[in-house]
Amino acid sequence: MPDFLFEPQVVSVPVVGSDVQFPVRRIYCVGRNYLEHIREMGQDERQPPFFFQKPTDAIVLNGATVDYPVATEDFQFEIELVLAISKGGTDIEVADAVDHVFGTAVGIDFTRRDLQLKARDTGRPWEPGKSFDESAPIGPIVPLGAGLPEKGPISLEVNGHVRQTGDLEQLIWNCAEIVSQLSRQYRLEPGDLIYTGTPAGVGAVVSGDHILGKVEGHPELRIAVG
Ligand code: MN
């Protein structure tokens with residue numbers, strides 16, 4: 001082991017039923033993947049989804065309180081299913097995608113919506129709106145059982161009120177197609193996470209709010225806003 005100037009940071013996520021953690025390499029997100037959300041954002045629903053990234057240290061684990069982010073007045077939640085990649089590859093075929101996925105988790109794609117829309121309208125990069133500190137909460141990873149999830153309720157509550165509801169069967173591009181498409185743009189490696197897009201109902205939270213994210217078959221994700 002070489003000496004380091006300071007201690008390298010390792011970001012990892014707990015795995016359900018195991019003492020071994022999933023080390024995170026990169027965080028990819030799908031931009032648009034549920035029809036109703038594309039409509040509520042006023043976007044062209046015939047365009048294919050696109051990918052963006054968040055910094056690895058944006059990960060926030062279950063039970064945490066995140067600071068209300070700086071530089072925004074419109075801090076929004078997006079509930080999403082997350083895929084955890086354990087086998088890398090490029091040009092992965094849809095039929096082979098399942099072999100590359102270790103498990104799935106509940107995640108939130110936190111968004112500084114005002115900055116995202118400003119970037120969109122001025123033709124600038126999305127980073128200020130999407131790729132900021134503490135913007136990627138994730139629950140414990142559930143190892144895959146019988147293949148990739150294809151259906152099941154996904155929802156988000158704020159202070160006990162349901163704000164987002166959907167079903168994984170509403171994904172425009174399903175889990176296998178997302179892995180395949182992403183692998184044609186980047187070389188996937190073990191440790192990559194893919195946030196698969198959010199259903200309709202996105203909205204803002206403020207300091208003191210309590211968020212509860214649910215996807216069938218997964219432990220609930222609880223995040224508070226400080
Ligand atoms: Mn999203």
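Buried means under 20% relative accessible area, exposed over 50% and partly exposed in between, with a 1.4 Å probe and protein chains only. The model is predicted: local features need pLDDT of at least 70, side-chain atom pairs count only at pLDDT 80 or more, and totals for chains, interfaces and linings use all residues. Residues are numbered from 1 along each chain as its sequence is written, and side-chain values use heavy atoms, with hydrogens and water left out.

**View 1. The manganese site.** Glu 78 (OE), Glu 80 (OE) and Asp 109 (OD) coordinate the manganese ion at 2.0 to 2.2 Å. Donors are N, O and S atoms within 2.8 Å of the metal (3.2 Å for Na, K and Ca); water is not among the atoms, so sites may look incomplete. Along the chain, the donors are spaced E-x1-E-x28-D. Glu 78 sits in the loop between β7 (75-77) and β8 (79-85), and Asp 109 in the loop between β9 (101-108) and β10 (111-112), so the pair ties together parts 31 residues apart in sequence. Glu 78 is buried at 4% relative accessible area. Asp 109 is buried too, at 0%.

View 2. Strands (E, at least two residues) are DSSP runs, numbered from the N terminus. Seven of the seven residues of β8 are buried, so the strand is largely enclosed by the rest of the structure. Ile 79, Leu 81, Leu 83 and Ile 85 point one way; Glu 80, Val 82 and Ala 84 point the other. In a regular strand, side chains alternate between the two faces of the sheet. Two strands pair if DSSP finds at least two bridges between them. β8 and β9 run antiparallel, joined by seven bridges. Glu 80 has Gly 107 of β9 as its bridge partner. Three bridges join β8 to β15 (residues 193-195), also antiparallel. Here Val 82 stands opposite Tyr 195.

**View 3. The open sheet β10-β7-β16.** Three strands form this antiparallel sheet. β10 and β16 (203-204) stand at the edges with a single partner strand each, so one side of each lacks a neighbour in the sheet. Two bridges join β7 to β16. Gln 76 is the bridge partner of Ala 204 in β16.

**View 4. Gln 164 and its surroundings.** Gln 164 belongs to strand β14 (residues 161-167). Its relative accessibility is 0%, which counts as buried. The Gln 164 side chain reaches the backbone nitrogen of Ile 79 at 3.0 Å. A polar atom of that side chain lies 2.8 Å from the backbone oxygen of Pro 199. Contact means heavy atoms within 4.5 Å. Not counting residues up to four places away in sequence, Gln 164 touches residues including Phe 77, Glu 78, Ser 155 and Gly 201.

Technical notes:
Helices (H or I, at least four residues) and strands (E, at least two) are DSSP runs, numbered from the N terminus. A polar contact is a pair of N or O atoms within 3.5 Å; within protein, one must be able to donate a hydrogen and the other to accept it, and residues adjacent in sequence count only if both atoms are side-chain atoms.
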